[in-house]
Every structure is written in C-alpha cells, then in structure tokens.
Amino acid sequence: MSETRFKVAAAHAASEFLDTPAGIDKACRLVADAGARDIRLLVFPEVFVPGFPHWINCYPPLLQAPLNRRYMDASIAVPGPEVDAVRDAARAAGCAVVLGVSERAGGTCYNTQVFIDADGTYLGKHRKLQPTYAERYIWGQGDGATLRVWDSAVGRLGGLACWEHTLNLARHALILQGMQIHAASWPALSTLAGFDAMFDAQVDAMMRSHALTGQCFVVVAEDTVTETALRVMEDALGPQELVRAGGGSSAVIHPWGHYIAGPHTGPEETLVTAEIDLDEIADVKAMVDSAGHYSRPEVLQLSVDARPRHGLRLITDDEA
C-alpha cells in the first residue's frame, strides 16, 4: 500500500443481543457511518454478533442449557450470508472491517474475528485459541491455522480477542508476521462483579504493552451491556446480581504505548477515532524491533503449529 496516514476507529457499541439479523444490520450501519467519516478501518468488540453470553458467569451450568442452545442457533457461518452483507457494506464504505462473531461450524461454535478488506474482500478469520473460564460452555478452541496477519488496504492487519492477549506466544506469533495494526476485540467485563475495579486496568496494561512490544498500532473495541441484554438473561434464567448494565472501554494506542484516542468508557455509543501514520512504526522499530534486531532467535525460539484442525483431527486441504 502507498497510503500510510489514515483514520481508524473502534466501534464502542452494544450488540443487538441474540438478534443476529438486527446485529448484522447494526454492524452494516456502523460501517456505513465509518465510511462517511473517511475512516479506513473499523474494529468491533468481541462477538458483537450475537453478543457476549454474560449468563455463563451467573447461573449453574445445567440451568444454562436452553440459553446456550439459543446462542448456538444465533451463531453464524464464516464465511456465509451474514458475512457477505458486511462485506457489501465494507465495499460501499471503502472501509476495512474486523467483526467479532460467534461462528458455528457443525455442532461447535468458535469465538471468531472476521477480517474484511476495504474493497469487500474476505481476508480470513481468527478463532480464539483458548476460551476463557466459563466461555468453554459455549466455544471450542481455535487452532494455529487462524493465527494470522493479512495484507490489506490498511497494511498488515491481525488481531486477538480478550484474555487471549495473555497468551504471550500468540501475541508474538503475530508480531513475527510483521503486524502493523492489531485489532483487539473485548467484551465489557468491567460490569461483572469482582471485575469492576480491575478489568479496565487489565486491558490498559495489556494493550499498551502490546503496542510497544509489537511496535504496532492497537485498536481496542469493547461493547457496553444494555438493559435489554440483562432482561433476556433474566427472562430465560431468573434474577441475577452479578452483571450490571454499562461498562466498556475503547481506544486507539500508538506503537510507543500512549493513547491517541480514548479510552472512551460507559454506555454512550460512538466510533472512537484516530488518525494514524504507519510510517511512525519505523521510529519505534529503529530502537526496538521485536521481529528483527531486538530478537535473539538463537536463544528464544517460537514454534507454531499452523495446521488446521477440527477437534483433534487435522483438516485436509480438500476440507479447508
């Protein structure tokens, strides 16, 4: 790409909870809005479609079964018709998109980021390698085949979801691929009892560190919890006092580790926007290049199994 200076944004927005058609429509409207503002990349929160299943942290596992099934039914194929709708929106807007979705593949769901280029091209997907804690009720484990960085209209683009950022080797696998922009998709877990005082601080620490250690721009997108989402949970499973409405913290971080937009917090929806210049990455790499002169490959080595898998079975080229 020849253009190095352009606008990027995080969609600080609530999901249309368990309403997949409405969620895709909202994603397309936000992409159109981004295009009207001359934003070249829009990053969405974790599983923006059909929303984060907050009930998994609130109710006994056996009681969750009907709502877990409903969540599976609301999950989408990737690629598929819902992704095609977002591709059309991206093409019309001239805006690259990273969309968080719950992907359904047979009887297994995955926490997935979908990467779409500014011309509507489907670049690929990343499946969260390790679902966190109670998320394992919902999603299977991703594999190394989707631990990828893609060439796009906005440069070398990759991403991870939520606490997957604590997998330091996964972060470094993307860094070694020359990532320039990192799409960090998160849920609003600052609304969860016990996390209200610490979650935003965790995100701040991990994302600013990743920007510096990876010498990349980081776009952090979080949703916000709505009263509608809480009502859906309680109508299905009964009262709970562990998740409240609100939360969310979205931002854009420079490779030196400082904020250049946000963090924007709370229930107000907005596109958290910053102008970035990819040429500024070279200023950081001149001092610390984790994929080059500041690495010690003869001492520290990373091995990634990039073969696609379904469960324990390797997927053949014909199936991929």
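Good morning. About 60 Å³ of space lies in the largest cavity of this structure, which is a predicted model. A search of the whole structure finds 1 cavity of 30 Å³ or more. Rolling a probe the size of a water molecule over the atoms shows where empty space is left.

Which residues line the largest cavity? The lining consists of A14, S15, F17, G51, F52, H54, D223, T224, V225, T226 and A229. Sorted by class, this lining has 5 nonpolar, 5 polar and 1 charged residues.

I turn now to the helices. Two packed helices are described by the angle between their axes and the distance between the axes.

On the α1 side, the contact is made by T20, I24, C28, V31, A32 and G35; on the α3 side, by E82, A85, V86, A89, A90 and A93. By class, this contact has 9 nonpolar, 2 polar and 1 charged residues.

The second pair is α2, residues 61–74, and α6, residues 227–237. At what angle do the axes of α2 and α6 cross? They cross at roughly 130° and come within 9 Å; α2 and α6 are therefore oblique to each other. Here too, α2 passes α6 in a right-handed crossing. L63, Q64, L67 and R70 of α2 meet V232, M233, A236 and L237 of α6. In this contact, the classes are 6 nonpolar, 1 polar and 1 charged residues.

Thank you for your attention.

Definitions and conventions
Residues are numbered from 1 along each chain as its sequence is written. This is a predicted model: local features need pLDDT of at least 70, side-chain atom pairs count only at pLDDT 80 or more; totals for chains, interfaces and linings use all residues. Side-chain values use heavy atoms; hydrogens and water are left out. On a 1 Å grid over the protein atoms alone, a cavity is a set of points where a 1.4 Å probe fits but cannot get out, and a pocket is an open set with protein on both sides within 12 Å along at least five of seven lines; lining residues have an atom within 4 Å of a point. Grid points are joined across faces, edges and corners, and a volume is the space filled by probe spheres set on the points. Ala, Val, Leu, Ile, Met, Phe, Trp, Tyr, Cys and Pro count as nonpolar, Asp, Glu, Lys and Arg as charged, and the others, Gly among them, as polar. Axes are lines fitted to C-alpha atoms, for helices over the stretch in contact, and angles run from 0 to 180 degrees between N-to-C directions. Helices (H or I, at least four residues) and strands (E, at least two) are DSSP runs, numbered from the N terminus. Angles under 35 degrees count as roughly parallel, over 145 as roughly antiparallel, 65 to 115 as roughly perpendicular and the rest as oblique. A crossing is left-handed if the near helix is turned anticlockwise from the far one by less than a right angle, and right-handed if clockwise. Contact means heavy atoms within 4.5 Å.
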